[in-house]
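Reader: I have a model on screen and want to know what stands behind the labels. Can you take me through them?

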Amino acid sequence: MKLLKLGILISPVKIFVSVLLLCLLVSFYFIDAFKVSSIEKAQSDALALAQHHAALVNTTIEKNMSANYALAAMVRQSQGEVGFFNTYAKNLHQIYPIVSHFTLSPNGIIQHVYPLAGNQASLGLNQLEFNPQQEEANKAKSSRLLTLAGPVKLVQGGVAIIGRWPVMLKDKAGEEGFWGFTNVAVTLDALLEKANFSALEKQGYDYRLVKSLGEDETLIFASVDAELKQAIAIDIQLPNDVWQLQLAPTAGWVKWADLQLEIVSYLIISGLIAGLVALICHIYLIKNGLEGVVKQRTLALTNTNKRLTGLLDAIPDFLFEIDDNEEVLQCHFPSKLLSRRFGTHIVGRYLTDVFPESVILVYQDSFKEAKTEGHSAGKSFCLDIEGKEHWFELSVSYSISSDYNRPCFVALARDISRRKKAESELRIAATAFETQDGILITDTQHKIVRVNTAFQKITGYQEAEILDQNISLLRSGRHDEIFFQKIFACIDDCGYWEGEIWNRKKCGEIVPELTTISTVYNDLKIPINYVYIIKDISLTKQNEQLINQLSYYDSLTCLPNRKMISEKVEQLIKQAQHQSLTVNTSGHYLPLIRHALLFIDLDHFKNINDSKGYSVGDKLLQEVAHRLIDTVRSTDIVARFGGDEFILLLEGVDVSLDAGRALYRAKKVSCLINDALAQVFEINGEHFYISSSVGITEIDESVDEVFDAFKHAELAMYEAKSSGRNRYCFYSPQMQEKILERVNLETAMRKALIKDEFLLYYQPQFDDLGVLRGVEALIRWHHPDKGIISPMQFIPLAEDSKLIIPIGEWVVREACNTLARWRDDPLLSQVKVSVNVSVIQFAQDDFVDLVRLILVETGASAKLLQFELTESMLIDDKANILAKMQGLKALGVLLSLDDFGTGYSSLSYLQQLPFDQLKIDQSFVRNLNGQGDQHPLALTITTMGHSLGLEVIAEGIEEKESLLKLQSFGCNLFQGYFMGHPMPLSKLEEVGLQQLSLMQTDS
């Protein structure tokens, strides 16, 4: 009804016009809304697309510019020594394939470029002074941050984006100083290709990539030359710089074809709706239109969310959105590994519930920096995920969240475990390269491409001097070409060789080096390099030589020692045993080589050591060594065998036709040696005379052991000594028999002491009236098989074997038993018993105590016991001898000086010794009736003895005339075969008085 009334009031035309105008007005309103909606949708799509490509730009630049960190680590690790930059950059280039080139700019000047090909023009460019790069280079230097520069027109051509990292090194004082830049260049075309900008043009968009410099902009790249209208802009945060991506549809934000269709639609709808029906229909259309728009918006948002989710999933980092209270608002995990470690259940929890304390501290530091700077990057932390360490680099931005209407942080953590591992391996490789051993790397053409510091120290060559040089530069000339061919043949087969090579240093010195050569292969197992590891072993060689010197040479004379000559003789013995007189293919006899061995011993050398000291003796041995060397040929060997014994090994001679040639030469050399050593030696201003005894043996197939060779020569030497010294003697098997006889005799002598085979004979001593005054006790050996053995046979051997000590003790004890036996005999109770004392026996420290003990045990009278001492005993240790003589005198024992006139005793010293008797040696008695000068000597000795208050006795009287003369000289006692031979005790007691009566009758 109301409408009817309204229709009555308003004409249809007016209603129509009014409705039409109203519809047109409403249509225009919705058309405008549609336009705005279309623009917003298009811009939303463009914004998502721009963010995607901006993220690609950001990711591509950050990823490739991170190569600066590896370059900077290499520079810091080597302290600015970047000689192996090419190898290092080559490896980096495999990791960062779109990088155009890597450069190092010490002090801002480009000095190292990889790859060099095509980039030579950049060498020497000063980035701090070159106008197109000066501002950004100084910015990087002053900020000490990785700084992005670009677009840069390269000197070598082309346009690139360059990341510069200022490298700071510490000096010796520990202060950091600017070393230079590491530079990583990515061509603009490669960057745009990686960011897939070509897809924008295909999708109908124009774009501009600009660099923000305050209010100014620098164009990096644009798809069109003109400015973009109503373009959306996305800021791209880059190292020490901000870029902006501007994006706008080529055809504009509104599609006019769609808009025109919409206008026509609304006009048609407006025309169809007439009146209230038109208005209702028009409202209905508007409603349906709005629902469509909502659906489109919802679909668009859904698609946008899907795209954003896809983008997030494509990012290899896990992301948290965290509020100011460290509560996790949102999270994103790119991998199942991280999802298992954290899971979406962490939303609504706090960081302290999620991470360990060490990681919390890193997040908190980044939050503080982000609040101040708006962004934080570069901090890293480590997480243990399923038993493995994972390193993450943290980036944090700070803003007001529109969803939560409160401040929040967006924290993105990138897994940098591989990078960490690569950096660690690079550091290890760099450290291993700078070892104490020299390292040299060549290419397959043997040209040197790299050396380390130790190599430079060993050879003296600096790296710049030797790079690109052939390895033959180091050769010493000691090895021929075949030697090196064998080395590389081994390397080709095994990929490895180790051994000793003599090389030449820069100074010209040739040194031995222990060298290891290894082959480096590429992925196709093709050799690309050789790595030499060298060690100077000069000191080792010197030590070996010193050890050899100490082991094989005598330290005093520097002659070969016993060990060396023994090994040489052993070698000659083996050669002799393998030699034989065989006929060769020509029918000639092979030469039979024989060597002569001389055993040289210095006569009476001990006297010089004892009288002048060992220092003089050592100098004398050195002079003897010099004379021996001068006497023989250079091919002969002179060695010191020990003490004053020398060995001379004469060069072998061919005895195939003359078996005596070797011994004939040995005889000749022995004469030369005796003559050379007989010459006076002058040491410390004193003159010394010595002689030598030489034993000679031949080394032939009959000698089995080294010991036998030396034993034969030594036996011959002892035979020379026993023959009078200062002569030579050849070895014969009879010498061995003689030694065996001595050994058997010594063994039998030891048994004789046990079996009581020794006995005493007594030779009477008379005064000038023929009265028996004493006897000399003389030992005899009654051998069960050989009968009586003379003392001349066994006493020298007893002295050599020290058996004279127990034998001498037995003689003293037996003599004392005889005195005890005669103690109650009126005819023999006052007869003295004289006992000869050996030098060795008298030298015993307890000799006086032993005599005292024997006197006590036997009960003999000490005043009837007399010891006969020889003059030779008085030479050594006179103070000790005098003390022992005084000890014997204190016991009451008498002392007689035997063989007077044959020794070297001093008469002034003789006056000080407590002798009771002087015994004229039989050599002065035998020829008293013949020609000679014994007559005045015997008279002089008698007179001198009386002047000293000594009793004088003569021995060796064999004729009556001698007895009469000695009686006329005034001798007190007489002994000899004329008066009586040595006899057993029982016979002496039986015939003693009878012999005494006959002597008195004759006189």
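Author: Start with a rule: a charge sits over a ring if NZ of Lys or CZ of Arg is within 6 Å of the ring centre and within 35 degrees of the ring normal. The model is predicted. In it, Lys 884 lies over the face of Phe 842, at 5.7 Å from the ring centre.

Reader: What makes Arg 562 a charge over the ring of Phe 641?

Author: The charged end of Arg 562 is 3.9 Å from the centre of that ring. The limit is 6 Å.

Reader: How many aromatic pairs are there?

Author: The count comes to 21. One of them joins Tyr 728 and Phe 730.

Reader: Why is the pair of Tyr 728 and Phe 730 called edge-to-face?

Author: Its planes stand at 80°, and over 60 degrees counts as edge-to-face, so the label follows. The centres are 5.9 Å apart.

Reader: Why is Tyr 728 called partly exposed?

Author: Its relative accessibility is 25%. Buried needs under 20% and exposed over 50%, so the value falls in between. Phe 730, at 29%, is partly exposed too.

Reader: What makes the pair of Tyr 762 and Trp 822 tilted?

Author: The angle between the planes is 50°. Stacked needs under 30 degrees and edge-to-face over 60, so tilted is what remains. The centres lie 6.2 Å apart.

Reader: Which parts does this pair tie together?

Author: Tyr 762 lies in strand β27 and Trp 822 in helix α25, so the linked parts are 60 residues apart in sequence.

Reader: Are Tyr 762 and Trp 822 buried or exposed?

Author: Tyr 762 is buried, at 1% relative accessibility. Trp 822 is buried, also at 1%. The cut-off is under 20%.

Note on methods:
Residues are numbered from 1 along each chain as its sequence is written. This is a predicted model: local features need pLDDT of at least 70, side-chain atom pairs count only at pLDDT 80 or more; totals for chains, interfaces and linings use all residues. Side-chain values use heavy atoms; hydrogens and water are left out. Rings of Phe, Tyr and Trp (its six-membered ring) pair if their centres lie within 6.5 Å; planes under 30 degrees apart count as stacked, over 60 as edge-to-face and the rest as tilted. Buried means under 20% relative accessible area, exposed over 50%, partly exposed in between (1.4 Å probe, protein chains only). Helices (H or I, at least four residues) and strands (E, at least two) are DSSP runs, numbered from the N terminus.
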